[in-house]
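Dear colleague,

Please find below the structure that I am handing over to you, together with its sequence. My notes on what was found in it follow directly after.

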Amino acid sequence: MIRVFLLDDHEVVRRGLADLLHSAGDIEVVGESGSAPEAARRIPALRPDVAILDARLPDGNGIDVCRDVRAIDSSIKGLILTSYEDDEALFAAIMAGAAGYVLKQIRGTDLVDAVRRVAAGQSLLDPAVTQRVLERIRGGVEGPRELDSLTEQERRILEHVADGLTNREIAAKMFLAEKTVKNYVSSVLAKLGLERRTQAAVLATRLLGPRR
């Protein structure tokens with residue numbers, strides 16, 4: 001039997017997923033939750049083969065849960081289930097070690113097949129997309145030397161600051177905790193020798209050009 005954990009903040013969705021997976025015959029739902037922090041605590045203890053994780057929740061997101069769980073037990077496969085098709089989320093999912101990223105519009109039989117494939121150790125991530133992400137991490141795009149001290153993630157944070165996004169908006173876009181974004185912004189300001197995010201936005205616009 002393939003052991004599965006479900007994370008989704010809608011009870012009706014969890015019930016529907018549980019019924020669908022149980023009907024497959026070779027899949028057992030060993031736990032479920034509507035809360036990201038609770039799921040991050042329970043999943044390592046239950047040790048499912050696959051954790052189906054909703055990408056966006058009121059108290060966090062499935063991508064952070066995937067990262068936290070795999071840091072404890074890398075044998076647990078993360079399958080991100082989302083309503084949104086977005087490059088930032090896909091990038092974050094790959095970085096978090098997810099084995100798959102599927103839209104909620106997926107057919108039931110296809111989702112069951114996805115669970116089986118992920119449990120068997122296969123990746124559902126498009127190889128071409130994964131390659132682009134890896135190249136982005138390894139090489140990055142040549143940028144202004146003033147930004148050489150920043151990590152790839154810090155550059156992306158800076159770009160969003162230049163777009164005028166708040167920490168909360170950046171957190172939602174990049175699938176990070178708001179506190180994590182705040183820490184990144186503080187690090188960016190320190191590395192650039194600046195005191196305020198408005199200064200960072202002006203600098204980024206000057207160095208990188210208009211963002212919109």
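Helix 7, which spans residues 152-162, is mostly covered in this model, with nine of its eleven residues buried. Please bear in mind throughout that the model is a predicted one. The buried positions of helix 7 are Gln153, Glu154, Arg155, Arg156, Ile157, Leu158, His160, Val161 and Ala162. After the helix comes glycine 164, which has a positive phi near 85 degrees.

Helix 7 packs against helix 8 (residues 167-174), the axes being 10 Å apart and the angle about 130 degrees. At this angle helix 7 is therefore oblique to helix 8. The two helices form a right-handed crossing. On the side of helix 7, the contact involves Gln153, Arg156, Ile157, His160 and Val161, which meet Ile170, Lys173 and Met174 of helix 8. Sorted by class, the residues of this contact are four nonpolar, two polar and two charged.

The loop between helix 8 and helix 9 holds phenylalanine 175. Its phi is positive, near 60 degrees, although the residue is not a glycine. Most residues other than glycine have a negative phi, which is the reason for drawing your attention to this position. Is phenylalanine 175 buried or exposed? Its relative accessibility is 2%, so phenylalanine 175 counts as buried.

A second residue of this kind is arginine 47, another non-glycine residue with a positive phi, in this case about 50 degrees. Arginine 47 lies in the loop between helix 2 and strand 3 (50-54). Its relative accessibility is 52%, and arginine 47 therefore counts as exposed.

Helix 2 itself (residues 36-46) packs with helix 3 (residues 62-72) at an angle of about 25 degrees, and their axes lie 9 Å apart. How are helix 2 and helix 3 oriented to each other? Angles under 35 degrees count as roughly parallel, and helix 2 and helix 3 are therefore roughly parallel. The crossing of helix 2 past helix 3 is right-handed. Helix 2 contributes Ala36, Ala39, Ala40, Ile43 and Pro44 to the contact, and helix 3 contributes Val65, Val69 and Ile72. All eight of these residues are nonpolar, with no polar and no charged residue among them.

With a relative accessibility of 34%, arginine 116 counts as partly exposed. Leaving aside residues up to four places away in sequence, arginine 116 touches Ile2, Ala24 and Asp26. Aspartate 26 is 90 residues from arginine 116 in sequence, yet the C-alpha atoms of the two are 8.9 Å apart in space.

Finally, some values for the whole chain. The protein chain has ten helices and five strands. It comprises 212 residues, of which 45% are buried. Of the contacts with a separation of 6 or more, 63% are between residues 24 or more positions apart. The accessible surface of the protein chain is about 11,100 Å², and carbon and sulfur atoms account for 50% of that area.

With kind regards

Technical notes:
Residues are numbered from 1 along each chain as its sequence is written. This is a predicted model: local features need pLDDT of at least 70, side-chain atom pairs count only at pLDDT 80 or more; totals for chains, interfaces and linings use all residues. Side-chain values use heavy atoms; hydrogens and water are left out. Axes are lines fitted to C-alpha atoms, for helices over the stretch in contact, and angles run from 0 to 180 degrees between N-to-C directions. Helices (H or I, at least four residues) and strands (E, at least two) are DSSP runs, numbered from the N terminus. Angles under 35 degrees count as roughly parallel, over 145 as roughly antiparallel, 65 to 115 as roughly perpendicular and the rest as oblique. A crossing is left-handed if the near helix is turned anticlockwise from the far one by less than a right angle, and right-handed if clockwise. Contact means heavy atoms within 4.5 Å. Ala, Val, Leu, Ile, Met, Phe, Trp, Tyr, Cys and Pro count as nonpolar, Asp, Glu, Lys and Arg as charged, and the others, Gly among them, as polar. Buried means under 20% relative accessible area, exposed over 50%, partly exposed in between (1.4 Å probe, protein chains only). Accessible areas come from the Shrake-Rupley method with a 1.4 Å probe; for residues, only the protein chains shown count as cover.
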